[in-house]
Amino acid sequence: MTDKKLKTKKTTKTNTKTNECVKNNNVSSFGMDRDFDFNKIESSFNIELLSNNADNIEFIVDGIDAPFANALRRTIIDEVQTMAIHKAAIYQNTSVINDEILSHRFGLLPIQADPDMFEEWIEGNELNEKNCLKFLLNVKCLRKPEHINTPDLSIKNLINHHVLAENICWIPLGNQAQRFARNPPKVLYPKSLIAKLAENQEIEVELYCVKGIGMEHTKWSPVCSAYYRLLPSVKLSSKISKDDILKIKNICPSHVFDIEDIKNEKRLIVKNESACTNCRACQFLPVEDEEDEMVRISKQNKKYHFTVESVGQM
């Protein structure tokens, strides 16, 4: 690298006294501050919860920039602890699925258990009731008793043709039966298909769950997906004619606009701004002056709508 390039190279300086990170590059065009101050973010930071259930949570975060929003998204995906199957002791597997693929399937089964109730397991240490959970799967496909002598080989005459998650049983270790009496650990989604067996094929395996994070392996990630979007900003012109009010309201597929009677006069209002998808259908209506926009659509630079889809563990 030449001396000229070294002089013009962008650098980052950190001031430990003020807890600020100053970047020598131009980010003002993106609506972001050049100075990153934790105290400033703390004073403007706000979370509004929109919905929350076992499978999905939506919330709005206000007062942050894109790097902070992305860091929050990555933290949700990679750094939240959960329990997952980490070791599989396969004693019998005569199915068509080889041991490696079968073990991988076990690892991706979501386990309902509180990770705070367990110690962190370190590779090489003993697995015990303080740092792991034990499950057992022992399934053999057999012909139904009433069809033992029938020549029909269809699967309707078989037992345990489908190996499901509900066939996996929890085996308490030590005093775990008393510790988890109110909420026993289990495999979520009991109808999840693990394998298919033919007659006389069987699977016998012991499974051990330990605590971990998604950064180490995706089987510990508590979410299917976590994403965000900037909330839209919809502004109306004061020059909208009475004829255009109904056109704008009806042309919007997301029902963002509504009409209200204010002092015996119909006026267009923004009823549901967050529903705007930026399709800009309302801006395609013909106007006399091209510079006069009836509807102006933009983004709110520091307001993010997060959607997190859980696998049901948390």
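These are legends for a set of close-up views of a predicted model.

**View 1. The whole chain, before zooming in.** The protein has 314 residues, and 33% of them count as buried. Its secondary structure comes to six helices and 19 strands. Among contacts with a separation of 6 or more, 69% are between residues 24 or more positions apart.

**View 2. Zooming in on Leu133.** Leaving out residues up to four places away in sequence, Leu133 touches Met83, Ile111, Ala113, Phe118, Trp170, Gln176, Phe180, Pro185, Leu207, Tyr208 and Cys209.

**View 3. Helix α4 and its buried side.** Look for Leu102, Phe106 and Gly107, which are buried in α4. They sit on the same side of the helix, because they cover an arc of only 145° around the axis. What do the buried residues of α4 pack against? Their partners are β6, β8, β14 and β15.

View 4. Helix α3 runs over residues 66-78, 13 residues in total. From its first C-alpha to its last it reaches 18 Å, close to the 18 Å expected at 1.5 Å a residue. Ala69, Ile76 and Asp78 are buried here. The buried residues of α3 pack against β5 (56-62), β16 (223-236) and β19 (295-310).

**View 5. Asp65 and Lys302, a salt bridge across the sequence.** The side chains of Asp65 and Lys302 meet at 3.9 Å, N to O. Asp65 is in the loop between β5 and α3 while Lys302 is in strand β19, so this pair links distant parts of the chain, 237 residues apart. Is Asp65 buried or exposed? With a relative accessibility of 16%, Asp65 counts as buried, because the cut-off is under 20%. Lys302 is partly exposed, at a relative accessible area of 27%.

**View 6. Lys191 and Glu166, a salt bridge between two loops.** Here the side chains of Lys191 and Glu166 come together at 3.2 Å, N to O. Lys191 belongs to the loop between β13 (186-187) and β14, and Glu166 to the loop between β11 (162-164) and β12 (169-171). The two are 25 residues apart, and the pair links distant parts of the chain. Lys191 counts as exposed at 60% relative accessibility, whereas Glu166 is partly exposed, with a relative accessible area of 40%.

**View 7. Arg267 and Glu265.** Arg267 forms a salt bridge with Glu265, and their closest N and O atoms are 3.9 Å apart. Arg267 is partly exposed, with a relative accessible area of 38%, and Glu265 also counts as partly exposed, at 36%. A search of the whole structure finds seven salt bridges, this one included.

Notes
Residues numbered from 1 in each chain as written. Predicted model: local features only at pLDDT ≥ 70, side-chain atom pairs only at ≥ 80, totals over all residues. Heavy atoms only, no water. Contact = heavy atoms within 4.5 Å. Buried < 20%, exposed > 50% of the residue type's maximum accessible area, 1.4 Å probe, protein only. Helix = DSSP H or I, 4+ residues; strand = E, 2+ residues; numbered from the N terminus. Arc of directions from axis to C-beta. Expected span 1.5 Å × (residues − 1). Salt bridge = Lys/Arg side-chain N within 4 Å of Asp/Glu carboxyl O.
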